[in-house]
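Below is a predicted model.

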Amino acid sequence: DAEGLLRIKEENQKHYRRAQRHQEKKEKIQKHNRKLGELVEKKNYDLKTQYEHLANLRRTHILELTSVIFPIEEVKTSMRDPADVSSESDNAMTSSTVSKLAEARRTTYLSGRWVCDDHNGDTSISITGPWITLPNNGDYSAYYNWVEEKKTTQGPDMEHNNPAYTISAALCYATQLVNTLSLILDVNLPKKLCNRQFCGENLSRHRFTRAVKKLNANILHLCFSQHVNLDLLHPLHTLRNLMYLVSPDTENLGR
């Protein structure tokens with residue numbers, strides 16, 4: 001029994017020494033983990049700082065791009081509300097008639113159906129200059145109507161102020177701006193659209209509407225990537241969505 005007790009004491013001492021070694025090793029591992037945690041925290045802080053710096057650089061480049069080369073602004077029109085004009089000419093007009101006129105003013109017949117357009121007749125969005133604008137309601141029928149008319153009409157086109165030229169130019173500039181923004185923001189666009197899509201040859205109605213849908217999809221994708229307020233966006237408002245995207249008030253521009 002004494003010999004067995006002695007063996008047990010020796011084994012206990014071995015286990016105790018081993019436990020001490022394990023404890024020291026555990027403390028070393030914990031110390032190493034603390035150092036790694038501090039290093040990771042520092043690296044995360046540095047990465048966050050670099051992201052903020054990169055976002056500021058992107059934001060600066062975008063604001064410079066949209067103020068020097070592609071300025072986008074809202075152009076006021078002098079069109080008056082027909083409800084106001086009618087009410088001035090007829091004092092006996094009922095309020096229901098005035099509200100119906102106001103409602104009719106906010107609707108537009110687009111591609112075979114009536115759509116609501118709160119900005120119709122009030123303002124328009126211009127790009128690169130106040131003379132190059134797009135319809136607020138997304139109705140670009142003036143372009144393909146002009147193309148179809150040219151097919152039946154022989155001779156040169158002498159209408160230099162044709163709205164089809166304005167629409168083509170505005171969409172061309174918008175495409176160039178969107179492709180440049182995708183490079184600056186490092187965001188891959190879902191639809192491939194070349195810069196010369198809307199200039200050069202006259203597009204058919206199918207090809208034109210298909211290209212416009214691609215452009216609107218790319219603009220919305222950029223707006224989503226920069227966390228633009230969804231309440232401000234409309235799938236048909238091409239230049240207005242772009243204006244909200246590159247606005248200095250967009251907090252997350254450049255993220």
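Q: Among contacts in the chain between residues at least 6 apart in sequence, what percentage join residues at least 24 apart?
A: The share is 63%. A contact here requires heavy atoms within 4.5 Å.

Q: Why is the pair R240 and E74 called a salt bridge?
A: The closest N and O atoms of R240 and E74 are 3.5 Å apart. The cut-off is 4 Å between a side-chain nitrogen of Lys or Arg and a carboxyl oxygen of Asp or Glu, so the pair qualifies. The pair links distant parts of the chain, with R240 in helix α7 (residues 238-245) and E74 in strand β1 (residues 72-76), 166 residues apart.

Q: What makes R240 buried or exposed?
A: Its relative accessibility is 3%. Buried means under 20%, so R240 counts as buried.

Q: Why is E74 called partly exposed?
A: E74 has a relative accessible area of 37%. That value lies between the 20% and 50% limits, therefore E74 is partly exposed.

Q: What makes D46 and K42 a salt bridge?
A: Their closest N and O atoms are 3.2 Å apart, and the limit is 4 Å, so the pair counts. Both residues lie in helix α1 (residues 2-68), 4 residues apart, about one turn of the helix.

Terms used:
Residues numbered from 1 in each chain as written. Predicted model: local features only at pLDDT ≥ 70, side-chain atom pairs only at ≥ 80, totals over all residues. Heavy atoms only, no water. Helix = DSSP H or I, 4+ residues; strand = E, 2+ residues; numbered from the N terminus. Buried < 20%, exposed > 50% of the residue type's maximum accessible area, 1.4 Å probe, protein only.
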